[in-house]
Each structure stands twice: as C-alpha cells, then as structure tokens.
Amino acid sequence: MRKMGRSIKTILIATCILVAGVPLLAVAFSAMNILTGSLEEEITTRNLQLARSLAGEGEKFLEEPENILGQVGDLAASEELSPAQFNLYLQTVSNNCPFFELVQVLDESGRVEYIAPQAPQDLGLDMSRQPFYEATRGQEEVFWSETFISPRTGEPTLTVSRAVEERMVVGYLNLAELNNIVHRVHLPEYFFVGITDTRGTFIGHSNPQMTLQRVNLAGMEIIRQGLRREEGSYHGPFEDQHVLASVTNTGKTGWPVIVARHAGEAFAPVARINQVFWIWGLAGLGLALFLALINIQQFVAAFNNLAAKVKKVAGGDYDLAMVPGSYREFNELSEHIKVMSNAIRARERALQENEEWLGTTLNSIGDAVIACDVGGFIQLMNPVAERLTGWTSQEARNQPMERVFKIINDQTGEELESPTVKAITQGKVMGLDQHTMLLTRRGKRIPIDDSAAPIKDARGNIEGAVLVFRDITEQKEMEDALLDNKNKIEKLHDVAIKMERSQSEEELYRLTVEAAEEILRFNMCTLDIVEDGYFVPKAKSSGVPVDGSATMRCDEGLAGRTFQEGKTIILEDIQKDAGARPVKSIYRSAMSMPIADLGIFQVISEEIGAFGQEDKDLAELLISHTAEALKRVRSEKKIRYISFHDSLTGLYNRAYFEEELNRLDTERQMPLSIIIADANGLKLTNDVFGHREGDRLLQEIAAVLQESCREEDIIARWGGDEFAVLLPGTDNQTAQKVCWRIRKACQDRKHVPIQPSISLGVASKEVKHEDLEEVLKAAENQMYTNKLTESRNIRNNIISSLQQALIRHTFEDEEHMDRVRKLARSLGERLNLDEGELEKLDILAGIHDIGKVAIPVETIKKPGPLNRKEWEMVKRHPEIGYRIAESSPEFSQVAEYILTHHERWDGMGYPQGLKGEDIPLLARIIGLVDAYEVMLRGRPYRPARSKPEVIAELEKNAGTQFDPELVRELVKTLEEEGEIESSLSSD
C-alpha cells in the first residue's frame, strides 16, 4: 500500500528550522546587501572620477596637435612665407613635435604640396581618395579619423585634418603617448585602465600587450556603453574577470576610457564579515535544534505505535487488539479504528461478490472499458483497456482517469479533457472529437473512438462514469492515405497552374523542387538541365550537401543512363549499382527520371527501397508538367527575343528601340542622349569579300558598340548599315566621350580585311519640353554631315586597311611595291609619259594586286601548283581590285589598269582576254615590271632566278605574254641605269 501524506516528525523538525533559521537568514541577507551596495557605490564613484581624470589627460594630449595644425594651416593660408621658408618652417614643426609621425599640406586638388619630415617621392601624391579628405573638405571643425596601425612605426595612429580655405593640413598623430598616460596612473595589481578607439580596439592599456595585440572588445557591454558615449558604471564579466568598472569618453574623439577593479578584491571585506556571521549563526541554530529534537522524539514514538496498528487494519487484520498508550488522544482514536474495521469487513464481502460478477461481464466485451467513481478515480478496467493503455487493472485502480486515459488532439498536440469529467458534470453521454489520440503509458499514440456515460444509482444520483473506447488505427490509416493522395493530387494541380503562369525557368525549377518535397519522401533531390553536353545543377532540396550537386557529362552515372534511355530508373539499393556513384555512403535508394530531352530529376533516400510505383507515377506527373512548362517558357523567350532583336548582330531591332525611346522619354531620365552610327565600307566589303564578310563587319561593329557603351544603354540595329544608341541619364559631353570610345575601339580592331569604321552623330534632350523625335533627327543629320566631311579620310583609311591586309595576306611587302614603283617610273619616263601617267604608275605599283585580299591566304601562299578551282579563284582578283578602286575617287582613275594588268599580248590573259594594244599601256607596263620583279625575287612555289635568266625569260615571252616593244625598252632601261640594276641585284 502506498504511503499517504508527510511524516509528522519531518514537519515538526522543519517548523523548528523555519522558526529559528528564517529570521537569521533574512537578517544576514539584508545586512550583506546593504554592505555590498554601499561598497559597490563607493568603488564605482572612485572609478568614474579616475576615468574622468584620464579622459582629461587624453584631451590635453589631443589639444596640442590640434593647436599646432591650426597654426600651420593659418600660416599656409596667409601665404606670408615663400615655399622654401614654409617648407623649412614645416620641418621645424615636425622636429619639435615628436607626436606627429608626418605632417602634410595638401593643395586645392588634394595633392601633397608640403611634407615633413621631407619625403620628395611623396610630393604631388593624390590624397583626395583618402577617407579623411572628403570628411574634412568644406568643414570648419578639425576631423579626427579612425585609428589605424602606421606602416612606418607599427603604432596606433590617426589623422588629424583641418580645411584651410582651398588647402588642407593633415597630421599623422602617433598614439603611443596614450599608453604613457595610462601607465602614469599608479594602481594596485587588481586595478586596470584602458582607452579604446571608436571601434572598441585598445589604443592604451595598463597591460601593454592589450595595445600591441590590437585587442578588440566591442562586444563587451561596458565597451558598447562607452561607444554610445554614455558615461556610467558596470558590474559583470570583463576580459575573463568579474569586475566593477566605470566608463567615460574623451570629448574630441569620443574614445571610451575604462577603469575597472576586480570584484573579488573589492568585496573581500564584506566576504570576511559574512563568513564570521555564518559561523556563529549556524552554531546557535544547531543548539536550538538539538533541544527541539529531544521533545519531538517522544511524541513521534507514540504516534508511530498507533500508526503501526492502523496499518495492520488497513492490511485486512480486523481482529487487532488495541493497547492503550501514553497519550489520551491516541487511545480515543484507537477505539474509533476498531469500530471502523468491523464495518469495512462487512462491506468488503459485498463488494467482492459484485466485482466477480462485473469482471465476468467486462471481460466478454470487445471494446475497452474503464469505470471511475464520481471523483474521477479508476475503479476497474477490462483486459482490452489494459492492452490499449499499457496499464494493468491493479496498477490503474484508484489512479486519476487523466493519468491512465491520457488523450491529445492529433493535429495540435494539445492535451484534452477526459469525457468522463463531462459525463459526470453534465449527466449525459459524451463523445470524443474525431482527431482524438490515446497516449499510452509508453508514449505510443493510438487513434480512438469513444463515449462516456454517467453511472447513476436508483435515485438518479451520479456515482461515477463508464468510458467505452476502441482502436481505430486501421480506419485512420485508410482515411489518412486517401486524404494524403487527395492532397498530393491537389498540390500537383496547383503547381501545374502556377507553371502555366510562370515566365522564368528559375521559377519552374523552384516550383518543381517545392512540389517534390510535398508529394515525395526523400532526403535530397536535384534538378539538372543539359547544357553543351553537361548536366548543370539548377535546383536542389535543402538536404543536398555542398559537394553533392556538380556539373557532369550527360553520359555518365545514373543521371547519364536515365537521360540516354529516356525513362525513369528506380534503384532499390544504390550501393549495389556500380554506375550510380552516390556522393555519400548513407544514400541507399534513388529514383531518376528524364525531363523530356531537357535534363533529369533525381530523388535520393537513406532507406533501401524507399520509392514505389505510386511515387513514380506522382513524380512523372510532376515532371511532365515541368517539361511542358520549360518548353513553353523557352519558346516564348525565343519568340520575345526574335521580336525584339536583330538576328545577325544580336542587338535590339528598330521596333524595340522605338518602344524604349517612348518609355524613357521621362523627366527622370533627363538628360537623354542619342547616337546614330553608320557603318562605312559595307557595300565595298560585300562587293569584294561577299555578303558573309559584310555580315562579319556588321557583327564587329555591333561588338564595338557593346563594349563601348554601358550595360543600361539601349543599342539597336537601326537599318541595313545604321545603328542607334539610347543613353539615359547622359548629357551631350558624356555622349561625345562614348563616341570617342567607339572610334578608338574601331581603330584597335586588327586582323580583319577591312577595319571597322563608323560615322557618328549625337544629340541630347536636356529638358522635358524638347521633342525627342527632333533630337533623333538632329543626331541623324549630324551623322550624315560627319559622314560627308569624313568621306575622303574614310575611303583612304579603307584602302590603307586593304593595303595592310594585302601585305599580311600575300608576298606583296612594301619593299616589293617600292621596287616595282621605281622600275615602272623609270620605264615610263623612257617612254616619255607625262607626269600624270607616271603618278598613275606610282599608284598602280601599290594597289595593282589589291584584289588578292579576297582570296584565301592558304591559296595565295600555297607552295605547290594550284588546282583548277584554286586557279579560277586567283583569276578573280583583277575584278575584285577593280571594284575596290572604283569605290574611291582617288583610285578610280587606275581601276581599268588594275582590271587589265593580267591580260596577255596574245589575248590569252584574263579576265577579258584582251589582245595587243587593246590592253591599256599602263596595265602592260605594270604587268611586265611586276613579272620581272617576281621572277627575280622568287616565291615559295618558284625559286628566284638570276637577272640574265629573267631577261631571257622576258625576251622569250615577248610577243606572247608581254608587249615586245616594252620588253626591249625595259631591257635597255636596266642596262642604262646601272645603279638600279646594281641595287636590284644586291637586293
């Protein structure tokens, strides 16, 4: 039988202790609090006075450099001294003020004008980007910077700067003196003093290591209080010590100044008083308890004797004889117990008969039954109730119903009131909520369905209640499964709707992973999209490790197999699949499925066989929505791109540009500038090199515009060879700089047949009322004006670019052209040609083979014989050269000679098959001289010949390939002009 109540002996002893001990403790506690409070107030007051004194010392230390900088600044502003005298004065100031590591005077642009100590290499140094410069400029007050470690001295340092008219005086102040100020305070070992900067880093401390190591305690409460410029005291932990501390600030710089004392040392006198008090107090309390125990022992002995007899009666020994004791009250109580025992014996017999009948009835019922009395204490329960609750009937008897039958709400976890209470109080049958769970003795949760009814006697009085309940786990699991599937289908429906509305791939990836986390059970999942033959991670669940999602080839591992086969793969145990390559050994099962032909989706679990057919069906339904949405988004993105972009250059098209023009025509975007650009040489490039090279020229110009403009600028292809740039928030001067960058970028483009060249026009809208269409026309008109003005230079630049390309592309170097020019002029002069014809020969010498720039270089420089296709290609170069020359007024006069310089005297030449004197004279001259020079110098496919061999070859072909009269005149020219001949031979 369990023990009820508390021991009388214990109660009596406790009462004595309380009566004697509590007043003693109250007096001791109050006295100690008063003493401790007084001592703490006295200590913190002294600490604060000392902190203020130190702050004053710090102020005095800062006043002198401030005053000196003021004097230097006033003298610099007055310009009374010459530069040499002022420089000498500044050196004297530096020598007499050791606390200044460096003193500078900056000019109006922020550059070092004077410096002390002398450092010529620093004169002219731009200090305008230093933090102190902007903080000081235009201010009347001195600016004190944050502290830093000087690279010269390794000491804490700050800059003190003062603006003086257009100049600025800057001093680099060494703060080592702060340590000296702190060290001058003579304190016991258990005191310490510190000064920090405005970031909480010590710049002065009674322990020098704190300063040298740049200790920062900005997180400590006392330091934070000082950084807020709040003066006060603090009692608590500080630097691994329990301290009493006070803090104040320096006025100029706001540095916290802390004075602290170890609390253990401060409260030592109070601790000693406390120790003496407790020794004597406890001794007195012990004596009082000893005397009380003697009397208590006698009373308790008599009481225990009576209690032992009552215990036997309670155990069923109703024939117990009562022996009188020493106390009258105990004797009277013994007589009453005897009467009570006889009554209990009779009632017990009747109850035993009723319980046997009731037990037989309850054991035959299939539901669990628990009965309780009107007080809610359990009186009986059947075996089914024992099995469900985990309590035996014997253990549960006389236990409160709430202890044995503990029920909670399955959704909220909130403990519910037993229905028996309601049945007893309301006198009617009560049922449970549908979300009720029984919490068994071992903590297991069982869903139940129950009802409770009141137990009434013949007169209708309620004597208790009976509770009937049953386990509905299977029914609940079936309902939950149906509800779970319903929720998953609804979730997939909601996700499908969101995916239909989504406009970005990133949102689709996120929606897929979020939906998967709700409809599937796994430890991690990843979504990868194929890009350039690799899986690129796009989304992952929260369980993916840092190294668990990486780019990999789309033919590797489980992902590669899934993508190649185009079907879902479920692995019951990853560890048994050699090709799966799990990131961690704890991963055991996986489900991998393709996202159409776009990528793969994988889920991983730490359980073996975690994924079944239902998971596969749900996941494939989700991924099918993802795949369709991705295809739609990409298709829409492609359509939007095509509708707003030029397919050749990738720039915006004219429609988009005009839309942006209207959108940006707001006051907030003012000033708004427009650049109109026209590509030079596009027609020539198309005619000479073909439209593919013309397209390449346009792409080069587009690249030039993109690299020369800002990301927010709108660049569009305006027309065939015209471009437009919209520069929001850009004035005309800045837009002109952009034009300069565009021209510079064109000049830097090398190794292209025709160097990009652009004619530019710019106009700006400065105020809202201006018509943007007029601004656009102004930019366009300026572009056309510039194009006309620059046309001559443009054409010359294009030809020059082609000539340079010819030199790179062929064997036609400048030396070769120069030799051909000299020899052709000599032959022309021998033929008595006028100066105009001779100038044409000079031009022809440089550009007669200009058409070869359009022939592939591998064909031009082929070391062996050309095949038929290659030869046909080479034979086109006179026509190409003709078109190039025709495009320029300066060279159009020799275009006919370029076209015919490969015609032969016998009519077997190309491209027109002209014969004899039908071939223009200048073309015959340049063809002959060029052939002579080529044979004399040689080519990789033809070895060089001696001059006699070359002359013999020319004479051999006179009348067939060459004009015979010109061959004779050339030979005479070579013979008569020995210096030229000698020069040619030596070359």
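Q: Is Arg199 buried, exposed or partly exposed?
A: Arg199 is partly exposed, its relative accessible area being 37%, where buried means under 20%, exposed over 50% and partly exposed in between, with a 1.4 Å probe and protein chains only. The model is predicted, so local features need pLDDT of at least 70 and side-chain atom pairs count only at pLDDT 80 or more, while totals for chains, interfaces and linings use all residues. Residues are numbered from 1 along each chain as its sequence is written, and side-chain values use heavy atoms, without hydrogens or water.

Q: And which residue forms a salt bridge with Arg199?
A: That is Glu146, and the closest N and O atoms of the pair are 3.4 Å apart; a salt bridge here is a side-chain nitrogen of Lys or Arg within 4 Å of a carboxyl oxygen of Asp or Glu.

Q: Which parts does the pair tie together?
A: Glu146 sits in the loop between strand S3 (143-144) and strand S4 (148-149), and Arg199 in the loop between strand S7 (191-196) and strand S8 (202-205), so parts 53 residues apart in sequence are tied together. Helices (H or I, at least four residues) and strands (E, at least two) are DSSP runs, numbered from the N terminus. Glu146 is partly exposed, with a relative accessible area of 38%.

Q: How exposed is Lys822?
A: Lys822 is exposed, at 51% relative accessible area, whereas Asp818 is partly exposed, at 31%.

Q: Okay, and what does Arg830 form a salt bridge with?
A: Its partner is Glu969, with 2.8 Å between the closest N and O atoms. Arg830 lies in helix H23 and Glu969 in helix H31 (residues 964-976), so this pair ties together parts that are 139 residues apart in sequence. Arg830 is partly exposed, with a relative accessible area of 26%, while Glu969 is buried, at 12%.

Q: Which residues do salt bridges that share partners join into one network?
A: Glu221, Arg224, Arg228 and Glu230 are joined in that way.

Q: Switching to sheets: what order do the six strands of the open sheet have?
A: The order is S21-S20-S19-S24-S23-S22, and the pairing is antiparallel, two strands counting as a pair if DSSP finds at least two bridges between them.

Q: Which strands stand at the edges there?
A: Strand S21 (552-553) and strand S22 (569-571) do, and each has a single partner strand, so one side of each lacks a neighbour in the sheet.

Q: How many bridges join S20 to S21?
A: Strand S20 (residues 534-540) and S21 run antiparallel and are joined by two bridges, with Tyr534 standing opposite Arg553 in S21.

Q: What about the open sheet of four strands, what's its order?
A: That sheet runs S26-S27-S25-S28, again with antiparallel pairing. Strand S26 (714-717) and strand S28 (758-765) are its edges, each with a single partner strand, so one side of each is left without a neighbour in the sheet.

Q: How many bridges join S25 to S28?
A: Eight bridges link strand S25 (residues 672-679) to S28, and the two run antiparallel; Ile674 stands opposite Ala763 in S28.
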